[in-house]
Amino acid sequence: MDTRNKLSTAARIVVPQDRRAPQDPRVSRESAEELMQRIVEAAPCGMVMIDSEGSIVLVNRQAESMFGYARAELLGNSLEILMPERFRGLHDGHRQQFAGAPSMRQMGVGRDITARRKDGSEFPVEVGLNRVPGEEDGLVLAAVSDITRRRSMELELRQANANLEEFTYAASHDLKSPLRGISDLVEWIVEDLGGAEPQEVSRNLGRIRDRVHRLERVIDDLLTYARAGTAFTDAVQVDLESLLAGIFELLPRPPGFIVSLDVKARPFVTNKAPLESVLRNLISNAFKHHDLPAGRITIGVADVGRYCVFTVGDDGPGIPLASQERVFRIFQTLATETREHSGIGLALSKRLVEAHGGWIKLDSATGVRGTTFHVWWPRFQYRKPVDSSVSS
């Protein structure tokens, strides 16, 4: 079958003949072929069609640009021209394996697949394969995406996380030991003075103790933040009412505060510990940062699409618009807060939520009391697709 006829076959990819509605008499075979050509050319990824012998019979402009070849250099050549040399010897077996059980499949997800440009340089790709229906010649269409930028960002993120973890563990080791030494020295001084120290000396020693304890908490918070999103527990069935009840058992409710619960979500399977940590932090903040001796906290849980949406609202002083983005950054607190708060709670919550595929936002209007946090937590555990075929 020549290239023209194979392109005609490609037109049938759009709507296979056996599923097509009665064709408009104004749509000729030639116009269908032209439409298919335009669709292939407009595709945002590289489109490559091969025949049963592994020869390239169709490419689009994006493929030309991606691989650095002119169209005439690709048509009629083996697909192996687009592969690193070390993979070419295995490709024929992989192609035969696909021909024996053709199906739509995604290659390269979660694994390293590389392609080769005309100049010999290599780049990471994801490849989607599908057999062209109703064609005896075994045409296969491949959609190729260059994922260089994404891989680069993934590597940068992994490196940043590794650097953060390395720093925090070093900080834990290198700072905690001297702090313990300082704390011991203070206690020895107090013992030596035997209660005879002047009031000013006693006050200063107390201030040293407070600062040592505060720095120890900061180091512990750094370790917690570094580990967030990496040490997940196994997923379990979570009942939301029981989860909230457990939080309030350990979280004392200040006198004068009213808590309203509205749980309309079904139980679902997720990592319980990080979700519980996020909710406990948001509820604790609602109490802790309230500026009045009495107030109301409202907690809602509802199913919204594939997410379970949690809302934690209060009638406290609110958060100024200029500070709303800053409160999610590590060690950032509002200027009105006391030095007892390390400013890591919301940063930790954001990190945990996003590590599990969700997101968090806050609503707090200028001039209106109250703040509401919204957390979108996925109801379904994310699993990377597994490609059972051997990649080339």
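In the predicted model, a salt bridge joins Asp-303 to Arg-266, with 3.0 Å between the closest N and O atoms. A network of salt bridges with shared partners is formed by Glu-41, Arg-61, Glu-64 and Arg-71.

In total, 18 salt bridges were counted. Among them is the pair of Arg-86 and Glu-122, whose closest N and O atoms lie 2.8 Å apart. This pair also links distant parts of the chain, since Arg-86 is in helix H5 (residues 85-100) and Glu-122 is in strand E5 (residues 122-131), 36 residues apart. Glu-122 has a relative accessible area of 37% and is partly exposed. A further salt bridge is found between Asp-146 and Arg-117, with the closest N and O atoms at 3.9 Å. Here strand E6 (residues 140-146), which holds Asp-146, is linked to the loop between strand E4 (114-116) and E5, which holds Arg-117; the two residues are 29 residues apart. Both partners are partly exposed, Asp-146 with a relative accessibility of 38% and Arg-117 with a relative accessible area of 22%.

Strand E6 also takes part in strand pairing. Strand E1 (residues 46-50) runs antiparallel to E6 and is joined to it by five bridges; in this pairing Gly-46 stands opposite Val-144. Strand E5 is likewise antiparallel to E6, with seven bridges between them, and Gly-128 has Ala-143 of E6 as its bridge partner.

The chain as a whole contains 10 helices and 13 strands. Of its 392 residues, 40% are buried. Among contacts with a separation of 6 or more, 64% are between residues 24 or more positions apart.

Strand E8 runs parallel to strand E10 (residues 295-304), and seven bridges join the two. Within this pairing, Val-259 has Ile-297 in E10 as its bridge partner.

Strand E11 (residues 307-314) includes Asp-314. Although Asp-314 is buried, it has no salt bridge. The nearest side chain of opposite charge is that of Arg-369, at 7.0 Å, whereas a salt bridge would require a nitrogen and a carboxyl oxygen within 4 Å. The side chain of Asp-314 does reach a backbone atom: the nitrogen of Gly-316 is at 2.8 Å. With neighbours within four places in sequence set aside, the residues in contact with Asp-314 are Ala-286, Arg-296, Ile-297, Gly-370 and Thr-371. Of these contacts, Ile-297 is also the bridge partner of Val-259.

Helix H10 (residues 345-355) is mostly covered, with eight of its 11 residues buried. The buried residues of H10 are Gly-345, Leu-346, Ala-347, Leu-348, Ser-349, Arg-351, Leu-352 and Val-353. Just after H10, a positive phi of about 90° is found at Gly-357.

How values were computed
Residues are numbered from 1 along each chain as its sequence is written. This is a predicted model: local features need pLDDT of at least 70, side-chain atom pairs count only at pLDDT 80 or more; totals for chains, interfaces and linings use all residues. Side-chain values use heavy atoms; hydrogens and water are left out. Helices (H or I, at least four residues) and strands (E, at least two) are DSSP runs, numbered from the N terminus. Buried means under 20% relative accessible area, exposed over 50%, partly exposed in between (1.4 Å probe, protein chains only). Lys and Arg count as positive and Asp and Glu as negative; His and the chain ends are not counted. A polar contact is a pair of N or O atoms within 3.5 Å; within protein, one must be able to donate a hydrogen and the other to accept it, and residues adjacent in sequence count only if both atoms are side-chain atoms. Contact means heavy atoms within 4.5 Å. Two strands pair if DSSP finds at least two bridges between them.
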